[in-house]
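Please read these notes with the model open beside you.

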Amino acid sequence: MLNGKHIILGITGSIAAYKAAMLCRLLVKEGAEVRVIMTPLAKQFITPLTMATLSKHPILVEFFNPENGEWNSHVSLGEWADMLLIAPATANTIAKMTTGIADNLLLTTYLSARSKVAVAPAMDLDMYAHITTQQNLQTLAQRGVAIIEPAAGELASGLIGKGRMAEPEDIVEQVKAIFAEAEHRTLAGKRYIVTAGATIEPIDPVRYITNHSTGKMGYAIAEELARRGAEVKLISGRTTLPAPKGVERIDVLTAEDMYNAAVKEWNKADGAVMCAAVADYTPAVVADHKLKKSDSDMRIELKRTKDIAAALGANKGSRIFVGFALETDNEEANAEGKLQRKNFDFVVLNSLRDKGAGFAGDTNKVTLIDHTGSQEHPLMSKREVAAIIVDKIETLNS
Ligand code: PMT
């Protein structure tokens, strides 16, 4: 899997530097070509001779060789690398990476690298838990740096806690996973809208009309699209779920809010998946005070909401447009009607008659219906359902 991959192994000044020897050996054994850059302090923890022998290349530390003036170009190194892996990464190096300080060859190479970057932090438990370190790691993660979490255990200080660099075997597995994910970014450059969750239609400042959608199905789809490289705008009704990694969430409340957000984003999108459970009716008048009860019955007049999918479908063009159909009877016929009326490329039918399907749970049972036929799937996790939906989007894209 790592055959022919160019990996720069950056070593910083930590006691965990001794593990870099094993890490280098494992990477080379997996077929990777490894160049090692050490910070000046790292040389005090492990010798350049050890690392040069294991990587089969001279170690790089300084910007140039004082003996002959030979230049170690961080720009060429950054271009050469398929991955810059900094293991161990000290709190100091992590902090410098977040602020752009470039006072050694490793940091200048980081700033020049166009490749994937991964860091395996190693430090004392309190340094690792410190808000500054945590915020720095969060910043790097938001910029796309993969963080290889440290393990908990006995630390060099004798204290016990989280901060030990991950074991070399685990780091190699994560490096493989990072490459595997990068190679599966089939939707890179595509922009998708996903609607998810339930809308809320206020009756008065206290009461509202809603439904049972939790957002789980739509969030799984947004996550899967982002994992495959798409830029995702998740237009979300109220849920308790956190936004998936790499996804931009736009929070809305009512069907009208969701309509406005979706129509605005549709202009810039290459496709959309309409998974939200949108209210079809909303109170004709929203009382601005709490409605008082009386002894007689009450009637609330409802008016139709706008059909978001129908509006986007009317202006679909050649873009990929996926809808859902939540049914309780005449499932296929109803779903096919929605496929035609709303101009979807395909509809994901889920029926509340199927156990484990529909609202709230972690599973769903779906049938994908397009203009040529239908494909029924067994009960599976919502993540797996998201994967088959995105697989179909990929085939339509190609
Ligand atoms: O969120 P979970 O708890 O995980 O539950 C997932 C789910 C059951 C909500 C999901 O799998 C699902 O079925 N979503 C669609 C629910 C729905 O409203 O279906 P519908 O058959 O009423 O609507 C058909 C399509 O038109 C849907 O794509 C819907 O998003 C869209 N629509 C409907 C009404 C409206 N005013 N605007 C719309 O865009």
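1. Which side chain does Glu331 join in a polar contact of 3.0 Å? The partner is Arg353. A polar contact is a pair of N or O atoms within 3.5 Å; within protein, one must be able to donate a hydrogen and the other to accept it, and residues adjacent in sequence count only if both atoms are side-chain atoms. Glu331 is found in helix 12, residues 331-341. Helices (H or I, at least four residues) and strands (E, at least two) are DSSP runs, numbered from the N terminus. Glu331 counts as buried because its relative accessibility is 14%. Buried means under 20% relative accessible area, exposed over 50%, and partly exposed in between (1.4 Å probe, protein chains only).

2. A word on provenance. This is a predicted model, in which local features need pLDDT of at least 70 and side-chain atom pairs count only at pLDDT 80 or more, while totals for chains, interfaces and linings use all residues. Residues are numbered from 1 along each chain as its sequence is written, and side-chain values use heavy atoms, with hydrogens and water left out.

3. Check the loop between strand 16 and helix 12. Asn330 is placed there. Its phi is positive, about 45°, although Asn330 is not a glycine. Asn330 is exposed, because its relative accessible area is 54%. As background, most residues other than glycine have a negative phi, and most peptide bonds are trans.

4. Ala360 also deserves a look. Its phi is near 75°, a positive value in a residue other than glycine. Ala360 lies in the loop between strand 17 (346-351) and strand 18 (363-364). With a relative accessible area of 34%, Ala360 is partly exposed. A backbone N or O atom of Ala360 lies 2.7 Å from an oxygen atom of the ligand.

5. A polar backbone atom of Cys275 is 2.8 Å from a ligand nitrogen. For Lys216, a backbone N or O atom lies 3.3 Å from a ligand oxygen. The protein covers 96% of the 780 Å² of accessible area that the ligand has on its own (Shrake-Rupley method, 1.4 Å probe; for residues, only the protein chains shown count as cover).

6. Now the shell. The ligand is surrounded by 29 residues, and the closest are Ser213, Thr214, Met274, Lys338 and Asn350. A residue is near a molecule if one of its heavy atoms lies within 4 Å of it. Strand 16 gives the most to this shell, with four residues. By class, the shell has 14 nonpolar, eight polar and seven charged residues. Ala, Val, Leu, Ile, Met, Phe, Trp, Tyr, Cys and Pro count as nonpolar, Asp, Glu, Lys and Arg as charged, and the others, Gly among them, as polar.

7. The bond from Ala87 to Pro88 is cis, with omega near 0°. Pro88 lies in strand 3, residues 83-89.

8. Is Thr372 buried or exposed? Thr372 is exposed, because its relative accessible area is 78%. Thr372 lies in the loop between strand 19 (366-370) and strand 20 (374-376). Its side chain joins that of Asp370 in a polar contact of 2.8 Å.

9. Last, Met380. Met380 lies in strand 21, residues 380-381. At 15% relative accessibility, Met380 counts as buried. The C-alpha atoms of Met380 and Asp362 are separated by 8.6 Å, with the two residues 18 apart along the chain.
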